[in-house]
Structures are given as C-alpha cells and as structure tokens.
Amino acid sequence: MSLIFPRKGLTAHPLNNSPDYRSTLKRAPSQPLILLPHMLSETTGPVFGHVAVSETDSDLTRHHAGEPLGERIIVSGRVLDEDGRPVPHTLIEIWQANAAGRYVHVKDQHPAPLDPNFTGAGRALTDAEGRYRFVTIKPGAYPWRNHHNAWRPAHIHFSLFGPSFLSRVITQMYFPGDPLFPFDPIFQSITEERARNRLISRFDLDTTQPEWALGYRFDIVLRGREATPTEEPHEH
Amino acid sequence: MSIEKPDGLTPSQTIGPFFAYGLTPRAYGRPELATEQVAGESVAGERIRIEGRVLDGDGEPVGDAMIETWQADSEGRFQAAGNAGFTGFGRAEATAEGAFFFETVRPGALPGPNGSRQAPHLAVSIFARGLLVRLATRIYFDDEPGNAQDPVLALVPAERRGTLIARRGADGVFRFDIRLQGEGETVFFDL
Ligand SMILES: [Fe+2]
C-alpha cells in the first residue's frame, strides 16, 4: 500500500496569521511558505510500538493513589485517513486541565485548585481498526489573558503522528454545546465552520457506561490517501 | 465493513503553553517518548551535536516551543530498515531562553526527484504557543558539498538559503537558530 498526500484538504487548517489570537503576532512567519515536493523525509515518519505505551496510560483516572475529582468521562473514536480507512497502531498523546480548569504545568497560574489525584496526561495506540479509548475527567474552562475576560472552552489537547511526517498534527478536542465557542479566537481561527465543528466531540450513549461515566466520541482524520493507479504518484 | 469518506481533515490547533507534562515530561517524572538523544551510543555514523534557539519577530526567545526532528541514519535508511538504537526521531522542549539541542548521527544523503540527490538533512517541526499549525523546516549542514545540488535548497531564493544550513563552530557543534518572523526569518515549507 502506498499513500499519497494531496494538499487539497489543508484548507481545513487555520492560518498562523490569525491576529485575534495575540500570541501569533510575533510568531507567525511573514514570508510565504515554500512549496515542498514530497520526498522520503516527508513520506516516512516515526513508528511507535507498544513500548511507548503502558497499560494504564490511557486511563488518566488511575495515575495516582486516589480517584480524581470531577466528572469521569470516556473519550473514544477512530483515527482515519482521508479515504476513511483506519490508521492502525498509531500513537496518540493527550494532555488537559483538571476539572477545575487548572493544568499541572508549573507555569499555570490560574487560581484554581490542583488535584493531587490528577495529572492529566495520557497515551494510547490505536488498534488494528484505528480505534482508541481514553478514560479521563472532563476538563474545566480556564481564563487566559488574550483579551478582556478571555476564557478557553473546555478542551483536551491531542497529538498524533499517523503514517508520515506529513500526517503529524496537534489539535484540541472540544465538548458539544460549549457557550464559549463564539468568543474563542483559537477555535475561531479555523475559518470553515464545517472544519471547526469536526473538533467538537459528540455525546454518545452507546459508549456511555451505566452508573459510571459519560461517553464522548471524537474521530480524527489525518492526511494521507491510498494511491490508485489512475492518480499521479505525487501532487506538487 | 463499508468505508465512509470523511468530511475532511481534522484541523490543527496550537500546542499551547502547557504541553510539557504531556509531551516532554522529564521534569514531571513521566517516561519520555523521545528526547534530544536521537541516536544511542551503538549507532554507527559520525556523532554530531546541533544547538540553536527559537526566536520571535522581536528577536525574543520563544520559551514555550517543542522541536521535533526526523532523519535517516548514516546510510540514508529510515527507521524501518532495522537500525537498532536508532528511531530517527528527536523531540526537545525549548528552555526559557528558547534554547534546544539534539545529539544524533549525521544522516546520509537521500534520493530526490528525477534522479537528483538530496544532501544530508533533518526534517524539523516546530510547535509553540502562538503557532496554530506546526512550522516545517529542514536542517542542512554547511560542510556538505552536496548542498549545491540539493533539489530542495534549489527551490529557495539564494538569499534565504542560509537559514536552512547549520554552521559548524570551532567546537564542532552545529548552530541552527530558528527565527519565526522578521529579519533573517527561517524558511518554512508548505507541506
Ligand atoms: Fe489548553
């Protein structure tokens, strides 16, 4: 199987030049990007086996002696390529704030409590059908200083590799119905509404476990399509 | 199983300022996926050290960046070729001063399009607060004669090419600074 990486779908991404998100102002490149034909360094990428992930890594509620505070949730879904085919055995890393909206990170100064039973970082590998599953705590919204009264909608950070350097992506998963969406310049940096909505997980009764935890589904689509004989091997 | 074509790619979002305990968690006592040590002692090839800083449009250090590298081994083979102790993947968190380093082996040359030859290089991703999409660049080496024929360097205007080339100091260390914006801005690629 050989994959190709068309550029057509890339319009889903935000532009780095998104001035409403103030941290972009001194960090977004001012020169145009240079179109890079895809060569070996781009079409290959790191592969992480089971050594990278321990059994409890995907259950963020079991990383300490006690149970963390907050609403226990199950976040699951599939990682797919642009054709809808599963991306098997690929690594997912997540990190998030606790139920009070506070990160363990030493630089987080939000005056909300840390939870001694919650760090908020996890890893998982997708299975042969591209499925993954995390158990965690629903993160809280948190303030930031981008503008007056700025609050981030609740989110979980996701980092994925996929099959190549080209499929690498870091993103954020949101929760349905968050009232902060219209005011968040990071979420709104994605200009296509349909693309934005793909970052919103959906509540799922099928993966909700009775007497235990709500289920949210979040499918992730990475770059890459299977090459077919009728297609050019490279699209520059 | 029928395959439904997805609506489109999952869009990128910023890594934000608080990724360290998730992605570069040395200080938090979690095991690291990858580090600045790209090649173990047993890996064949010329051992090299690359050092640099990530700087913003004012020349200020970017203290909340993550830099990842991806490379072939000294014979131009990628991970799957089974070079023990070598994944070809490096990951570093910039310090408060924006500084990073990698210790690895010098990669081999690679085939390029139309029978061309790519000079030895590392593929690099930069993630940071304020970057909504990762930036991609390459690190080449100033002592490689093959740079003159490299098909990617040839795509870059001559006056900006130097931003992709690490320079070896008297101490043997290669310097490679990443300027996100403005004067001497690093060349970034549209992938
Ligand atoms: Fe966040």
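**Note on the predicted two-chain model**

1. The structure holds 32 salt bridges over all chains.

2. Between chain A and chain B the count is eight salt bridges. A:Glu93 and B:Arg91 meet through their side chains in a salt bridge, at 2.9 Å from N to O. This pair crosses between chains, running from strand β4 of chain A, which holds A:Glu93, to strand β3 (residues 89–93) of chain B, which holds B:Arg91. Are the two partners buried or exposed? A:Glu93 counts as buried because its relative accessibility is 0%, and the cut-off for buried is under 20%. B:Arg91 is buried too, with a relative accessible area of 1%.

3. B:Arg91 also forms a salt bridge with B:Glu68, the closest N and O atoms being 2.9 Å apart. Here the pair links distant parts of the chain: B:Glu68 lies in strand β2 of chain B and B:Arg91 in strand β3 of chain B, 23 residues apart. B:Glu68 is buried, at a relative accessible area of 2%.

4. Within chain B, the side chains of B:Asp64 and B:Arg129 meet in a salt bridge of 2.7 Å, N to O. The two residues are 65 residues apart and belong to distant parts of the chain: B:Asp64 is in the loop between β1 (47–55) and β2 (65–70) of chain B, and B:Arg129 is in the loop between β7 (122–128) and β8 (135–141) of chain B. B:Asp64 is buried, with a relative accessible area of 7%, whereas B:Arg129 counts as partly exposed at 26% relative accessibility.

5. On the contact between the chains: 84 residues of chain A are in contact with 74 residues of chain B. The two chains bury about 6800 Å² between them, and 59% of this is on carbon and sulfur atoms. Which residues of chain A lose the most area to chain B? They are A:Arg27, A:Ile34 and A:Phe165, which together account for 13% of what that side buries.

6. Chain A has an open sheet of four strands in the order β5-β4-β9-β10, with antiparallel pairing. β5 (121–125) and β10 (169–174) of chain A each have a single partner strand and stand at the edges, so one side of each is left without a neighbour in the sheet. From one strand to the next the twist averages 25°. Strand β4 (residues 91–96) and strand β9 (residues 155–160) of chain A run antiparallel and are joined by five bridges. A:Trp95 stands opposite A:His157 in β9(A).

7. The largest nonpolar core has 38 residues, and those with the most contacts inside it are A:Val79, A:Ile92, A:Tyr132, A:Phe134, A:Phe158, A:Leu160 and A:Ile220. Which elements of chain A each supply at least two residues of this core? They are β3 (72–80), β4, β6 (131–137), β9, β10, α2 (185–188) and β13 (220–221). With neighbours within four places in sequence left aside, the contacts of A:Ile92 include A:Val79, A:Tyr132, A:Phe134, A:Phe158 and A:Leu160. A:Ile92 is also in contact with A:Gly122, A:Arg123, A:Ala124, A:Thr126 and A:Ser159. Apart from this core lies another, of 31 residues, among them A:Leu36, A:Phe165, B:Ala123 and B:Tyr140.

8. A:Thr207 is found in the loop between β11 (202–203) and β12 (214–217) of chain A. A:Thr207 is partly exposed, with a relative accessible area of 21%. Leaving aside neighbours within four places in sequence, A:Thr207 is in contact with A:Ile74, A:Ser76, A:Gly215, A:Tyr216 and A:Arg217. A:Thr207 and A:Arg85 are 122 residues apart in sequence and, from C-alpha to C-alpha, 21 Å apart in space.

Technical notes. Residues numbered from 1 in each chain as written. Chains lettered and ligands numbered in written order. Predicted model: local features only at pLDDT ≥ 70, side-chain atom pairs only at ≥ 80, totals over all residues. Heavy atoms only, no water. Pairing = 2+ DSSP bridges. Axes fitted to C-alpha atoms, helices over the stretch in contact; angles between N-to-C directions. Core = buried A, V, L, I, M, F, W, Y, C linked by side-chain atoms within 4.5 Å. Buried < 20%, exposed > 50% of the residue type's maximum accessible area, 1.4 Å probe, protein only. Contact = heavy atoms within 4.5 Å. Salt bridge = Lys/Arg side-chain N within 4 Å of Asp/Glu carboxyl O. Buried area = accessible area lost by both parts, 1.4 Å probe.
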